[in-house]
Amino acid sequence: MNGDIKSITPYQREVKLICHELERYSHASVVEALVGALAMPKTEGQEALMRMPWTQYLLLKFSLIGVDGSEKISKERFSDLVNRLYDLQHLAVDFGVGSLEIAIRPMLLQQTWYQRAEVKLLRQIFRQSALFLSGGSGWYAKEFYRISGVSLKNFFIITFAIHFQLKVHGVTAMHVNLVSLLCYLCPGMAVQEIINYFKLIGVRLEDLPDYFKSHVLADVPASEYFQDTPLREKPVLIEGGRLLVVDDTLFLTGISELVPVLLKKKLGTLYKDKFGGDFQSYVGRLLAGLPGELFNDEAVMSLYRENRWEGMSADFILVGEREILVFECKGLEPGPIVRSTANSGVLKSHLQQDLRKGVFQVARTANLLATLPQYASYKFYGAVVTHFGFGMFDAGWVAENVDPGMFADLHSNYPDSVIGLDEILILTVDDVEEVCRGAYFNKFNIFEVFEQAVAGQLDPKSRRFFFEQVLMGRLNGVEYPPSEVLDEVNSLYGQLLEIFNRNTEFWKGDVQGLFREYEVVMRMLSASG
């Protein structure tokens with residue numbers, strides 16, 4: 001064994017030692033220690049982050065994929081192992097892959113995932129509710145029900161009913177009050193849908209080892225340190241007669257990504273093609289509220305036809321007084337590999353088809369537009385709009401760290417390009433919404449925001465990984481303008497009140513019947529298979 005340890009990397013050696021020590025302890029006691037360590041009075045920001053949740057989840061994974069020991073781990077021992085694992089961070093960061101920025105990107109993506117504000121997570125869920133329930137002529141709802149056995153509308157309603165329980169609960173971990181949930185939701189909602197909901201987002205305690213083993217990576221690669229916890233997809237533990245939300249942040253963040261990730265996983269290109277068009281339309285409706293002249297996709301294609309331009313085009317053009325913004329929409333979500341790797345070759349292979357293409361769609365449209373006399377003197381900026389964030393600020397960053405050939409390709413196609421790669425930013429739809437929010441209340445000018453964002457990247461002290469950092473602090477206290485998301489909030493809230501009132505009235509005088517429903521649900525959730 002000593003010879004084997006000497007032949008592996010320092011990171012692998014330390015992980016193997018930690019895993020060997022974990023073999024002494026029972027899986028159940030490690031789960032219990034994790035929940036106890038994560039549970040704390042609800043606070044915001046730094047104090048909650050000090051729990052180092054990503055490290056605790058990784059320690060749980062190492063325990064569950066290993067031997068189920070006989071000893072009970074103490075809180076102190078669990079904390080010691082968590083701290084040892086946390087101290088391996090510098091070994092997990094691969095500083096030999098290239099620049100410091102690409103090396104630390106997986107770490108930043110991992111940690112910021114646990115720091116997202118509740119209001120942003122809720123808005124993401126409400127946006128998905130609006131997009132998936134109203135878009136596609138019912139296609140998303142039909143496919144989601146076929147996959148999960150839960151209607152899409154009821155999925156969001158159950159989620160918000162649980163969220164209301166979490167809001168009034170004083171601790172970050174919570175046992176779901178299933179009796180209360182059933183009282184509010186049934187019989188208006190079929191009990192089987194509630195069962196299917198928890199089967200979708202939950203995992204039985206006794207199934208945890210097999211579930212985590214299905215996420216094992218061979219050879220203990222350092223990138224595993226930054227990969228998603230499997231609980232990201234199943235943030236509820238089913239234990240006997242109880243349903244445990246391990247952590248309120250894990251629950252809300254995981255749920256905020258579940259629907260699109262599940263549909264993409266199960267439907268592949270069918271979902272990608274369908275969502276791409278609906279995502280583009282939504283972004284276009286956002287941009288229509290900005291000051292300036294907006295060319296939508298039809299107007300852009302009309303420009304191409306009028307001027308006999310050929311080849312790929314961007315989706316939208318926003319013309320200001322002296323600047324032009326060119327937008328290309330890509331309804332992309334980075335997968336676990338893209339989020340966790342610092343290997344430029346791996347990143348390039350995953351980004352080439354869509355993100356890279358989007359960059360050159362923007363570049364081509366900008367350079368063609370600049371040939372028209374009325375736009376020849378304009379300053380051009382661009383944006384590729386994605387669904388979720390990639391931790392890549394602009395196309396220049398991608399070229400420098402992932403795909404250097406982009407520089408040569410841009411120069412080859414447009415020797416005197418009117419737009420540089422560092423002037424094509426990578427925004428999420430959240431970023432677009434926030435820009436529109438600021439513009440609606442005249443807090444800033446979108447063209448100036450792009451100019452400042454590009455200039456800020458020239459100074460090493462102000463370089464950023466996420467566009468949202470550009471807006472940080474500039475929208476404090478600013479309300480949200482009328483929008484499809486707010487309309488969805490009001491609609492769902494009204495539906496919830498109606499459902500709650502109607503169902504609670506039904507159960508008056510039949511408490512025993514309510515508890516019989518509870519027993520049915522827990523019996524079916526506790527059953528194997």
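**Close-up views of a predicted model**

**View 1. Glu468 and Lys120 meet in a salt bridge, with their closest N and O atoms 3.2 Å apart.** This pair links distant parts of the chain, 348 residues apart. Glu468 sits in the loop between helix 23 (446-456) and helix 24 (484-507), while Lys120 belongs to helix 9 (residues 118-134). Glu468 is partly exposed, at a relative accessible area of 38%, and Lys120 is partly exposed as well, at 27%. Please keep in mind, here and in every view below, that the model is predicted. In total, the structure holds 34 salt bridges, and two further examples follow.

**View 2. A salt bridge joins the side chains of Glu433 and Arg127, at 2.9 Å from N to O.** Glu433 is found in helix 22 (residues 429-440) and Arg127 in helix 9, so this pair ties together parts that lie 306 residues apart in sequence. Are these two partners buried or exposed? Glu433 is buried, with a relative accessible area of 8%, and Arg127 is buried too, with a value of 1%.

**View 3. Arg339 and Asp228 form a salt bridge whose closest N and O atoms are 2.3 Å apart.** Because Arg339 lies in helix 18 (residues 336-340) and Asp228 in the loop between helix 14 (208-213) and strand 3, the pair ties together parts 111 residues apart in sequence. Arg339 counts as buried at 16% relative accessibility, whereas Asp228, at 22%, counts as partly exposed. Look around this pair and you will find a network of salt bridges linking Arg116, Asp228, Arg232, Glu257 and Arg339.

**View 4. Glu193 is a buried residue that has no salt bridge.** Its place is in helix 13 (residues 191-201). Where is the nearest side chain of opposite charge? That side chain belongs to Lys153, 10 Å away. What the side chain of Glu193 does reach is the backbone nitrogen of Ser151, at 2.7 Å. Leaving aside residues up to four places away in sequence, Glu193 touches Tyr145, Gly149, Val150, Ser151, Asn154 and Ile158.

**View 5. Four strands make up an open sheet with mixed pairing, in the order 1-4-3-2.** Strand 1 (174-175) and strand 2 (202-204) stand at the edges, and each has a single partner strand, so one side of each is left without a neighbour in the sheet. Strand 3 (residues 236-239) pairs with strand 4 (residues 242-245) in the antiparallel sense over 4 bridges. Within that pairing, Val236 stands opposite Val245 of strand 4. Helix 25 (residues 511-526) packs on the sheet, where it touches strand 2, strand 3 and strand 4. The direction of helix 25 makes about 70° with that of strand 4.

**View 6. Strand 6 (residues 316-319) is covered on both faces.** In a regular strand, side chains alternate between the two faces of the sheet. Here Phe316 and Leu318 lie on one side and Ile317 and Val319 on the other, and all of them are buried. Which strands does strand 6 pair with? Strand 5 (residues 293-295) pairs with strand 6 in the antiparallel sense over 3 bridges, and 4 bridges join strand 6 to strand 7 (residues 323-329), also antiparallel. Val319 of strand 6 is the bridge partner of Glu293, and Val319 also stands opposite Ile324 in strand 7. A hairpin of 3 residues joins strand 6 to strand 7.

Technical notes: Residues are numbered from 1 along each chain as its sequence is written. This is a predicted model: local features need pLDDT of at least 70, side-chain atom pairs count only at pLDDT 80 or more; totals for chains, interfaces and linings use all residues. Side-chain values use heavy atoms; hydrogens and water are left out. Helices (H or I, at least four residues) and strands (E, at least two) are DSSP runs, numbered from the N terminus. Buried means under 20% relative accessible area, exposed over 50%, partly exposed in between (1.4 Å probe, protein chains only). Lys and Arg count as positive and Asp and Glu as negative; His and the chain ends are not counted. A salt bridge is a side-chain nitrogen of Lys or Arg within 4 Å of a carboxyl oxygen of Asp or Glu. A polar contact is a pair of N or O atoms within 3.5 Å; within protein, one must be able to donate a hydrogen and the other to accept it, and residues adjacent in sequence count only if both atoms are side-chain atoms. Contact means heavy atoms within 4.5 Å. Two strands pair if DSSP finds at least two bridges between them. Axes are lines fitted to C-alpha atoms, for helices over the stretch in contact, and angles run from 0 to 180 degrees between N-to-C directions.
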